[in-house]
Amino acid sequence: MLQDRRASWELPQDAASIPAGRHLVSNKLAEWGIHRRSEIMDVMQLLATELPTNAVEHARGDPVLTLSARGDTLRCEVWDEDPRLPCTRRSGPGDEGGRGLCMVHLLSKRWGVDLTHTGKAVWFEAS
């Protein structure tokens with residue numbers, strides 16, 4: 001069981017910030033005692049890359065990446081300044097994108113979107 005913890009980072013609205021966000025999540029989870037070669041670490045790294053990618057590609061403003069732990073549940077949120085809800089889409093075999101939210105749906109315990117007064121927060125939980 002994890003202690004209640006929280007970390008948050010503002011990322012530049014730039015695709016180059018995505019690897020930095022993944023690195024921040026990986027380091028923070030390791031600091032919290034999550035083993036680097038565990039399944040939960042792999043899921044968190046992958047999905048914590050997808051949400052900021054969507055924010056950079058489809059939303060406005062610098063995304064804010066937040067990681068939290070409560071009990072046995074890890075939560076990742078990405079806040080942006082765009083109130084439009086994300087939508088899943090069908091991707092063909094030759095498409096390079098369009099699978100991120102499908103992966104979030106398949107690999108997370110649960111996920112969702114919360115509207116905020118300045119935009120939205122897309123989140124997922126894993127345990």
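Ser-17 is buried, with a relative accessible area of 6%, where buried denotes under 20% relative accessible area, exposed over 50%, and partly exposed the range in between, for a 1.4 Å probe and protein chains only. The model is a predicted one, in which local features require pLDDT of at least 70 and side-chain atom pairs count only at pLDDT 80 or more, whereas totals for chains, interfaces and linings use all residues. Residues are numbered from 1 along each chain as its sequence is written, and side-chain values use heavy atoms, with hydrogens and water left out.

Ser-17 belongs to helix 1, helices (H or I, at least four residues) and strands (E, at least two) being DSSP runs numbered from the N terminus. Not counting residues up to four places away in sequence, Ser-17 touches Leu-11, Pro-12 and Val-56, contact being defined as heavy atoms within 4.5 Å. The axes of helix 1 and helix 2 come within 9 Å and cross at roughly 145°; axes are lines fitted to C-alpha atoms, for helices over the stretch in contact, and angles run from 0 to 180 degrees between N-to-C directions. Helix 1 passes helix 2 in a right-handed crossing, a crossing being right-handed if the near helix is turned clockwise from the far one by less than a right angle, and left-handed if anticlockwise. The contact residues divide into 9 nonpolar, 5 polar and 1 charged, with Ala, Val, Leu, Ile, Met, Phe, Trp, Tyr, Cys and Pro taken as nonpolar, Asp, Glu, Lys and Arg as charged, and the others, including Gly, as polar.

Helix 2 (residues 39–58) also packs with helix 3 (residues 100–107), at an angle of about 145° and with the axes 9 Å apart, and here the crossing is left-handed. From helix 2 the contact draws on Val-43, Leu-46, Leu-47, Glu-50, Leu-51 and Asn-54, which meet Gly-100, Leu-101, Met-103, Val-104 and Leu-107 of helix 3. By class, these residues comprise 8 nonpolar, 2 polar and 1 charged.

An open sheet of 5 strands, in the order 1-2-3-5-4, shows antiparallel pairing, two strands being paired if DSSP finds at least two bridges between them. Strand 1 and strand 4 (110–115) form the edges, each pairing on one side only, and the twist averages 15° from one strand to the next. Strand 3 and strand 5 are antiparallel over 7 bridges, and Leu-74 stands opposite Ala-126 in strand 5. Strand 4 is joined to strand 5 by 6 bridges, again in the antiparallel sense, with Arg-110 having Glu-125 as its bridge partner in strand 5; a hairpin of 4 residues connects strand 4 to strand 5.

Beyond its neighbours within four places in sequence, the contacts of Leu-74 include Leu-29, Met-44, Phe-124 and Ala-126.

Trp-79, in strand 3, counts as partly exposed at 36% relative accessibility. Leaving aside neighbours within four places in sequence, Trp-79 is in contact with Asp-62, Pro-63, Val-64, Lys-120 and Ala-121, and the C-alpha atoms of Trp-79 and Ala-55, 24 residues apart along the chain, are separated by 8.0 Å.
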